[in-house]
Amino acid sequence: MPKLLYARPPADADEERQIRKPAGARHAPADWITRAQMIAFSWQGLRTSAIAARLGCHMQTVRERIERFNAEGLAGLGDRPGAGRKPRLTEVERGYVIALARSAPPGRPVRDGAGDLVADDESGPAQWTLDSLTAAARAQGIVIARSQVRRILLKEKVRWRHTRSWSESTDPQFTPKGPKSSASTPTRRPAPR
């Protein structure tokens, strides 16, 4: 037969108030409300099975929360720190990936003083792609996957795709297509067939 488990009596009036207030609240974190209700129902003399039935949870959950409250007090109502997966990359490594995406790729051709296209490293990538960024980060000893690079860059709102070098013209007669001449200029609709 399992041992009857009840929450210890409140240490003082302040502790009782801090339990009963969230237990009757409507606008508070749901997990805190439920945990405070477990303690308050236990103070009313309800058994763990009755508390679990009222709150719609398992009896073992009620037992664990009451035991944590008995051992830790109000701190036992909250979550323990360190929940969730720890980040595998350090902030320095994340910063390196971001800085790498913002830098010019080693194989990008640039015009020298004579007007010729020259690249720092002709075997390197001319444009950053997720694959080339991943390979460059791995070359620096950072263990990272392509999807991780993408998540980092999207989260930081860093563009890794830049204007293509072949889309710029050196022809002095070339004029890029610009915006409309006027907002009042009507657009032509195609003739009906």
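These legends walk through several views of a predicted protein model.

**View 1. The whole chain, from one end to the other.** Let us start with the overall layout: the protein chain is built from seven helices and two strands. Read from the N terminus, the order of these elements is α-α-α-α-α-β-β-α-α. Of the 193 residues in the chain, 28% are buried. The chain exposes about 14200 Å², and carbon and sulfur atoms supply 53% of that area. Among contacts between residues at least 6 apart in sequence, 50% join residues at least 24 apart.

**View 2. Ser 42 in helix H2.** Here we look at one serine, which belongs to helix H2, residues 30-43. Is Ser 42 buried or exposed? With a relative accessible area of 4%, Ser 42 falls under the 20% limit and therefore counts as buried. Its side chain reaches the backbone nitrogen of Ala 7 at 2.7 Å. Leaving aside neighbours within four places in sequence, Ser 42 is in contact with Tyr 6, Ala 7, Ile 51 and Ile 66.

**View 3. The largest nonpolar core.** This core has 17 residues, and those touching the most other members are Ala 101, Leu 133, Ile 144, Val 149, Leu 153 and Trp 160. Which elements give two or more residues to this core? They are helix H5 (91-102), helix H6 (130-139) and helix H7 (146-155). A second, separate core holds 16 residues, including Leu 5, Ile 19, Ala 40 and Val 62.

View 4. The buried residues of H7 are Gln 148, Val 149, Ile 152 and Leu 153. Why do they line one face of the helix? Seen down the axis of H7, these buried residues fall within an arc of 130°, so they share one face. H5 and H6 are part of what covers them. Turn to the other side of H7, and you will find Arg 151 and Lys 155 exposed.

View 5. For a last stop, follow the chain beyond H7 to Lys 157. The phi angle of Lys 157 is positive, near 55°.

Notes: Residues are numbered from 1 along each chain as its sequence is written. This is a predicted model: local features need pLDDT of at least 70, side-chain atom pairs count only at pLDDT 80 or more; totals for chains, interfaces and linings use all residues. Side-chain values use heavy atoms; hydrogens and water are left out. Helices (H or I, at least four residues) and strands (E, at least two) are DSSP runs, numbered from the N terminus. Buried means under 20% relative accessible area, exposed over 50%, partly exposed in between (1.4 Å probe, protein chains only). Contact means heavy atoms within 4.5 Å. Accessible areas come from the Shrake-Rupley method with a 1.4 Å probe; for residues, only the protein chains shown count as cover. A polar contact is a pair of N or O atoms within 3.5 Å; within protein, one must be able to donate a hydrogen and the other to accept it, and residues adjacent in sequence count only if both atoms are side-chain atoms. A nonpolar core is a set of buried Ala, Val, Leu, Ile, Met, Phe, Trp, Tyr and Cys residues joined through side-chain atoms within 4.5 Å. The arc is that of the directions from the helix axis to the C-beta atoms.
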